[in-house]
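Here is a short report for a reader new to this structure. Look at the sequence and the fold, then read on.

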Amino acid sequence: MALIKCENVSIGYEGQTVVRDLNFEIGQGDYLCIVGENGSGKSTLVKSLLGLKAVDSGKIEFGDGLKQKEIGYLPQQNDFQKDFPASVYEVVLSGRLNSRGFRPFYTATDKAEAAEKMEMLGITDLRGQCFRDLSGGQKQRVLLARALCATKKLLLLDEPVTGLDPIVTAEFYQLIQKINRESGIAVVMVSHDIESAVEYASHILHLQETVLYFGKASQYKKSRAGKAFLGGE
Ligand SMILES: Nc1ncnc2c1ncn2[C@@H]1O[C@H](COP(=O)(O)OP(=O)(O)OP(=O)(O)O)[C@@H](O)[C@H]1O
């Protein structure tokens with residue numbers, strides 16, 4: 001079975017449907033970009049994938065050993081997060097909170113995982129620095145290390161390159177690609193950067209109230225939805 005399967009999913013707020021009849025699935029090692037205009041329901045879908053918002057109808061199923069609370073999540077940036085008064089190490093380690101359950105302290109395994117992910121992302125030197133003093137690109141690496149601490153199977157990234165300059169953005173995409181290819185971790189990324197989505201992703205989910213397109217990224221460019229969104233038609 002797929003890691004995540006959405007069947008006829010509709011989600012809304014206070015009786016108002018935002019997205020309806022969503023059908024798609026995410027397989028092991030996939031790299032899915034969710035695209036669509038502002039207000040098309042991307043973040044709403046993300047909340048439901050994380051179990052933070054109930055669906056109105058349909059179902060979201062998890063398979064291949066993925067549990068909903070073991071999704072590694074990198075949230076959309078907000079001002080609170082930018083000014084978070086904690087060290088880099090503390091932020092990365094907090095990715096282990098879900099798996100810690102009711103244990104009061106982090107274990108040696110939690111700490112080893114945090115150290116390994118910091119090394120993997122080249123941020124070990126920043127370990128003792130305050131998160132809020134980092135550059136935008138460094139902050140995203142720290143939050144990515146934190147998300148990696150929470151999962152072995154699936155990363156969910158909500159607009160991770162917003163506010164980053166083109167060079168740091170390209171580095172971030174390459175990092176994600178490397179993690180996806182070398183660790184086999186599936187990636188789901190909400191993005192407004194459609195050109196890069198098509199370049200890096202294996203699959204595209206284009207939302208506009210419902211699914212305008214779901215399938216291979218290479219085919220998306222030739223689809224009606226893809227041509228219109230990429231500016232070719
Ligand atoms: N908490 C909420 N209560 C009521 N309506 C909401 C709430 N959150 C979002 N909405 C509405 O749901 C719709 C979809 O919003 P959502 O944030 O999911 O879109 P999005 O595709 O992620 O947009 P963007 O690209 O701007 O981030 C919008 O019309 C929005 O106003």
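E14 has 4 C-beta neighbours inside 10 Å, so E14 counts as exposed. The cut-offs are these: a residue is buried if 20 or more other C-beta atoms lie within 10 Å of its own, exposed if 12 or fewer, and partly exposed in between, with C-beta atoms placed from the backbone. This is a predicted model, in which local features need pLDDT of at least 70 and side-chain atom pairs count only at pLDDT 80 or more, while totals for chains, interfaces and linings use all residues. Residues are numbered from 1 along each chain as its sequence is written.

E14 sits in the loop between β1 (4-13) and β2 (16-26). Strands (E, at least two residues) and helices (H or I, at least four) are DSSP runs, numbered from the N terminus. Phi of E14 is near 45°, a positive value in a residue other than glycine. Phi of E159 is also near 45° and positive. E159 lies in the loop between β6 and α7. R132 belongs to the loop between α5 (108-120) and α6. R132 and L144 are 12 residues apart in sequence, and their C-alpha atoms are 15 Å apart in space.

| Residue | C-beta atoms within 10 Å | Class |
|---|---|---|
| E14 | 4 neighbours | exposed |
| E159 | 19 neighbours | partly exposed |
| R132 | 12 other C-beta atoms | exposed |

## The whole chain

The chain has 10 helices and nine strands. Its C-alpha atoms fill a box of roughly 50 × 40 × 35 Å, taken along the principal axes. Of the 233 residues, 37% count as buried. Take contacts between residues at least 6 apart in sequence: 68% of them join residues at least 24 apart. Two residues are in contact if their C-beta atoms, placed from the backbone, lie within 7 Å.

## Two domains

The domain assignment gives domain 1 (1-66 + 153-233) and domain 2 (78-151). Such bounds come from an automatic or database domain assignment. The C-alpha centres of the two domains lie 24 Å apart. Nine residues of domain 1 are in contact with five residues of domain 2. On the domain 1 side, β6 (154-158) and α7 (166-183) each supply at least two residues. By class, that side has seven nonpolar, one polar and one charged residues. Ala, Val, Leu, Ile, Met, Phe, Trp, Tyr, Cys and Pro count as nonpolar, Asp, Glu, Lys and Arg as charged, and the others, Gly among them, as polar.

What lies between the domains? The largest nonpolar core has 65 residues. Such a core is a set of buried Ala, Val, Leu, Ile, Met, Phe, Trp, Tyr and Cys residues joined through C-beta atoms within 7 Å. Its largest share, seven residues, comes from helix α6 (residues 136-149). Domain 1 and domain 2 both give residues to this core, so the core lies between them. Among the residues with the most contacts inside the core are I34, V92 and L154. Leaving out residues up to four places away in sequence, L154 touches L3, L66, I71, G72, I185, A186 and V188.

## The ligand shell

Around the ligand are Y13, V18, G36, N38, G39, S40, G41, K42, S43 and T44. The shell has two nonpolar, seven polar and one charged residues.

Key: A residue is near a molecule or strand if its C-beta atom, placed from the backbone, lies within 6 Å of it.
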